[in-house]
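Please examine the sequence and the three-dimensional model shown here before reading on. The paragraphs below then lead through it step by step.

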Amino acid sequence: MSDYLLLLLTTSLVNNVVLAQFLGLCPFMGVSNKVSSAFGMGLATTFVLTLSCSVGWVLEHYLLLPLDLGFLRLLSFILVIAVLVQLTEMMVAYQNPELHKVLGIFLPLITTNCAVLGVALLTIKEQLGFIDAILYGFGSSLGFTLVIVLFAGLRERMSLCRVSPAMEGAPISFITAGILAMAFSGFAGLA
């Protein structure tokens with residue numbers, strides 16, 4: 001049980017998919033203007049990332065490896081992710097049309113989110129078991145959600161502050177993201 005907790009802790013805080021592995025930077029910078037949209041994007045990514053890790057693991061161990069089709073790994077994982085994103089988009093549109101409107105183009109772009117594909121491939125590279133692969137995906141997505149919501153909160157606060165005209169917009173956002181990454185590097189001693 002403590003191994004599972006440690007895996008969740010390391011994937012969400014220590015080896016954060018955005019701040020330590022630099023995956024998923026497009027939605028991190030693009031959807032983090034408001035906390036509500038960032039949280040919705042985090043939940044959608046959590047759903048897709050966790051399921052893609054579990055389906056990818058099953059696909060790898062029960063189809064690709066036994067049939068010696070490892071060369072199709074990347075293509076099959078992209079197909080799985082595209083199907084899961086499509087299902088997620090339909091579910092969000094049905095359950096919460098306002099969130100679907102707010103997320104706009106970023107929801108279907110989860111398909112091209114390198115964090116989703118990267119974490120699914122990392123579970124195979126790390127040779128994790130099924131439960132560990134699910135927890136690795138879930139912990140990574142929790143870390144993604146935490147960071148994108150924190151960053152959105154910081155950006156909302158910064159919009160209320162006076163900032164030098166030369167630093168408005170992207171420059172101050174990148175500086176804030178760098179400070180957030182340094183803060184998360186303090187978790188490195190945990191595990």
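The model is predicted: local features need pLDDT of at least 70, side-chain atom pairs count only at pLDDT 80 or more, and totals for chains, interfaces and linings use all residues. Residues are numbered from 1 along each chain as its sequence is written, and side-chain values use heavy atoms, with hydrogens and water left out.

Helices are DSSP runs (H or I, at least four residues) numbered from the N terminus. Two packed helices are described by the angle between their axes and the distance between the axes. Helix α1 (residues 2-14) packs against α7 at an angle of about 40°, and their axes are 7 Å apart. Here the axes are lines fitted to C-alpha atoms over the stretch in contact, and angles run from 0 to 180 degrees between N-to-C directions. The crossing of α1 and α7 is right-handed, a term that applies if the near helix is turned clockwise from the far one by less than a right angle.

Side chains of opposite charge can pair when their charged atoms come close. The count of salt bridges comes to one, where such a bridge is a side-chain nitrogen of Lys or Arg within 4 Å of a carboxyl oxygen of Asp or Glu. Glu60 pairs with Arg73, and their closest N and O atoms are 2.8 Å apart. Glu60 belongs to helix α3 and Arg73 to helix α4 (residues 73-95), 13 residues apart. Glu60 counts as buried because its relative accessibility is 2%, whereas Arg73 is partly exposed because its relative accessible area is 25%. Buried means under 20% relative accessible area, exposed over 50%, and partly exposed in between (1.4 Å probe, protein chains only).

Helix α3 also holds Thr45, which counts as buried because its relative accessibility is 0%. Leaving aside neighbours within four places in sequence, Thr45 is in contact with Ile110, Asn113, Val116, Ser141 and Phe144.

The elements giving two or more residues to the patch are α3 (35-64) and α7 (130-159). Phe130, in helix α7, counts as partly exposed because its relative accessibility is 33%.

Note on methods:
Contact = heavy atoms within 4.5 Å.
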